[in-house]
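Trainee: Could we go through this structure together? I would like to begin with its charged pairs.

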Amino acid sequence: MTQETAAATTDAVLDREETISRDELEALQLSRLQHTVAYAYDRVPLYKRKFDEAGVHPADLRELSDLAKFPFTTKEDLRLEYPFGMFAVPQHEVARIHASSGTTGRATVVGYTKKDLADWAKLVARSLRASGVRPGMKVHNAYGYGLFTGGMGAHAGAEALGCTVIPISGGQTERQITLIQDFKPDAILATPTYLLTIADAMIKQGIDPASTSLKYAVLGAEPWTEEMRHELETTMNLKACDIYGLSEVMGPGVAGEAVETQDGSHIWEDHFRPEIIDAFDPTVVLGDGEPGELVFTSLTKEALPIIRYRTKDLTRLLPGTARPAHRRMGRITGRSDDMIILRGVNLFPSQIEEIALRIPELSPHFQLELTRPEGQRMDQLTVKIERRDAVTVKGATDAAKVLQQQIKIHVGSSCTVDVVEPGSLERSNGKLRRIYDLRPKA
């Protein structure tokens, strides 16, 4: 731990709920959970219908384990109730509306009361503080503003913490660099792949990314690996921590990583009850430490209470460390809907990232192309990945062979590796697309 990091972790004033015991926290969870389940049943027709069909009533929730009796909520439920069918309060009490892009179907719409917005800002502030950000710091917010929850959620949390916010949003990378140099922010909020884009653009301009004023990066909105953390911290001379959230549950700030341990995001369990289920048999609730799909129930939301929401994020729950009562999320290995099934083998983009960044000749910039050559039954995976600037053609060829072998060993599937020129692949302006499915449509 650097001297600066040590200092940042000793002057934090924690919320009372961050310091309570596990027993106190679970008692608080049960009380809030019983209220939320009854509140949702009484106010949201979807929940009354789903609970009645499942033969379960809010009065059946007598202890935390009873939550498993209740039905799940899915993204499809929110789409079917579009636009405002999931809201539990009248329209005049909804202070703000956010929504998904709707690129994969009808948009999912979420709403917030004034209290919801205050709670959200408090939890983002808690997450930023855990990651080393302090009152009075200048925060460069490169999350996208608008209907996406990232930009405004991060902005409100940084303001609630007492920071000076620079609301640049995503994109306009050259202007981002100019403002980082001129305004000298202490922290940056972005997706990990967009921070990588900024670093690469700095290098092309002859700027050393390690020379900026940035000391902390709080990164989220897409899965990333320890290898990516090392890449960003080494390149930019800062401490990088994760922040987790999703709009259906709240937005960013559902969980945050502590800078002193950097061992996974602590879930703020005074506001959310997490579960891990078997992604292939959702009736099975798994124990702590077992990998599966993450499920959330909100405990304090007014406008849109959410009961057992299936996130499709694959991870596991671990004991708390920096915040002992609050369990941690393991690294998200991927999303169940991002999983590639290649010749019977399950594969995630994060696995390729993890393997590739252990090979010095290869950069973090890659794409996965799925094809099915004419006349063949088997799908083909091609990993297109950039070589680093100083690597020769022969070095790139050798690295391609190593990556191909390592994917076969660690993932269990054959693929083709195409090492391409630096700067030739698409760069992130926010969330980066990794998978390109070029197979013929049925």
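**Charged pairs and cores**

Mentor: Glutamate 353 and arginine 434 form a salt bridge, with their closest N and O atoms 3.2 Å apart. Please keep in mind that this is a predicted model.

Trainee: Where do glutamate 353 and arginine 434 lie?

Mentor: Glutamate 353 lies in helix H11, and arginine 434 in the loop between strand E21 (416-420) and strand E22 (435-437), so the pair ties together parts that are 81 residues apart in sequence.

Trainee: Are glutamate 353 and arginine 434 buried or exposed?

Mentor: Glutamate 353 is buried, and so is arginine 434.

Trainee: What does arginine 358 form with glutamate 227?

Mentor: Arginine 358 forms a salt bridge with glutamate 227, and the closest N and O atoms are 3.4 Å apart. Arginine 358 is in the loop between helix H11 (349-356) and strand E19 (362-371), while glutamate 227 is in helix H10 (residues 226-236), so this pair ties together parts 131 residues apart in sequence.

Trainee: How many salt bridges does the structure hold?

Mentor: The structure holds 35 salt bridges.

Trainee: Changing topic, how many residues has the largest nonpolar core?

Mentor: The largest nonpolar core has 68 residues, and Leu128 is among those with the most contacts inside it. Helix H6 (residues 114-130) gives the most to this core, with six residues.

Trainee: What is leucine 128 in contact with, leaving aside its neighbours within four places in sequence?

Mentor: Its contacts include Val133, Ala154, Leu161 and Val218.

Trainee: And the sheet, in which order do its five strands come?

Mentor: The order in this open sheet is E11-E10-E12-E13-E16, with antiparallel pairing. Strand E11 (285-286) and strand E16 (334-335) are the edge strands.

Conventions:
Residues are numbered from 1 along each chain as its sequence is written. This is a predicted model: local features need pLDDT of at least 70, side-chain atom pairs count only at pLDDT 80 or more; totals for chains, interfaces and linings use all residues. Side-chain values use heavy atoms; hydrogens and water are left out. A nonpolar core is a set of buried Ala, Val, Leu, Ile, Met, Phe, Trp, Tyr and Cys residues joined through side-chain atoms within 4.5 Å. Buried means under 20% relative accessible area, exposed over 50%, partly exposed in between (1.4 Å probe, protein chains only). Helices (H or I, at least four residues) and strands (E, at least two) are DSSP runs, numbered from the N terminus. Contact means heavy atoms within 4.5 Å. Two strands pair if DSSP finds at least two bridges between them. A salt bridge is a side-chain nitrogen of Lys or Arg within 4 Å of a carboxyl oxygen of Asp or Glu.
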